[in-house]
Structures are given as structure tokens and as C-alpha cells.
Amino acid sequence: PKAPTTPLTEVDPELYNDGYDWYTFRVGDGPTWCTITPETDRVLCEQNEAAAQYLPVPPAEGCEGSYGYQVQLFATAPEDGSKIADFVCSGGAYADPTNAATLNSGERVTLEGITCFVEGTAARCENEAKNYIVLGPDAWAIGS
């Protein structure tokens, strides 16, 4: 989603706190989930490879793991010069969504400079500079 199609309801981020200050939410009734981790100043959205209905994303050079199913966004530009938003080369799930609460379509959560909202089965997360990521079974996007 480029922008919400209806007014959004703000949801308390503590509903998604796993007890270790990782905030994981399921994206609507879809196969995607996102985790905001204030300690690393980022959000990472992910889904199982089998759930993706979009064309495969060509892997980054040197990536020998899974690619195109995890995308991250930092609240501010990383000091090490990494991209502020990008796909992640992965060897497995970043977070376990098994017990995560759902952020429903039309809801928004904001934490530590990152805001995420859900429309249908896709999530869009932005930082205060308007860099963003989108992930859902039939869509992905990275931009500013």
C-alpha cells in the first residue's frame, strides 16, 4: 500500500511486546509478520518463501541463503553505511510469530521512529524521513 485508504486506528505497541522488548505482529490474516526492535533501531518484515506470490527477487551478490522474503528498515541511517532499507540474506526466520498478536487492516503501530500499518495482507512501515518497506504475499516495495 502506498498510503492508507481509510483513517487508521493507533494501536498500543505494548500489545506486541514479547517480554524482551521485541515487538512482533502478524499482518492481518496473511502469512507476513513484522518485528520492531528498538535495540537495533529497525523493523524487519518477513514471510515464508512458499507464501510469496510475486516474482523471485534476484539475490544480492554473495548471498547463499534465502533472499526476497525478509526486508528491513532502519529508523535512521546506519552508522556502518548499510542501506537504510533493503532485503536481508537469511538463513532462517528472524522472529517467531506463533504467539504474536495481529495488527489488522486499518490499524497502525508506532514505536521508536517507525510506524507500520496494515492494509489487507500487506504491511507498510516508514521511518520519520519517509523511507519505507512493504511486504505481503503479493507485494513488496522499498523506497523513500
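Tutor: Rings of Phe, Tyr and Trp (its six-membered ring) count as a pair if their centres lie within 6.5 Å, and planes under 30 degrees apart are called stacked, those over 60 edge-to-face and the rest tilted. Keep in mind that this is a predicted model, in which local features need pLDDT of at least 70 and side-chain atom pairs count only at pLDDT 80 or more, while totals for chains, interfaces and linings use all residues. Residues are numbered from 1 along each chain as its sequence is written, and side-chain values use heavy atoms, with hydrogens and water left out.

Student: Which residues form one aromatic cluster here?

Tutor: The cluster is made of Tyr 67, Phe 87 and Trp 140. By the ring rule there are four aromatic pairs. One of them joins Tyr 16 and Phe 25, whose ring centres are 5.8 Å apart with planes at 65°, so this pair is edge-to-face. Another is the tilted pair of Tyr 67 and Phe 87, with 5.7 Å from centre to centre and 50° between the planes.

Student: Where in the chain do Tyr 67 and Phe 87 lie?

Tutor: Helices (H or I, at least four residues) and strands (E, at least two) are DSSP runs, numbered from the N terminus. Tyr 67 is in the loop between β4 and β5, whereas Phe 87 is in strand β6, so that the pair links distant parts of the chain, 20 residues apart.

Student: Are Tyr 67 and Phe 87 buried or exposed?

Tutor: A residue is buried under 20% relative accessible area, exposed over 50% and partly exposed in between, using a 1.4 Å probe and protein chains only. Tyr 67 and Phe 87 are both buried, and Tyr 16 and Phe 25 are buried too.

Student: How many residues of strand β5 are buried?

Tutor: Strand β5, residues 70-74, has five of its five residues buried. On one side these are Gln 70, Gln 72 and Phe 74, and on the other Val 71 and Leu 73, which leaves both faces covered.

Student: Which strands pair with β5?

Tutor: Two strands pair if DSSP finds at least two bridges between them. Strand β4 (residues 42-47) pairs with β5 in the antiparallel sense over five bridges, and Leu 44 stands opposite Gln 72. Strand β6 (residues 85-87) is also antiparallel to β5, over three bridges, with Leu 73 opposite Ala 85.

Student: What does Gln 72 touch?

Tutor: Contact means heavy atoms within 4.5 Å. Not counting residues up to four places away in sequence, Gln 72 touches several residues, including Leu 44, Ala 85 and Ile 133. Gln 72 is buried, with a relative accessible area of 13%.
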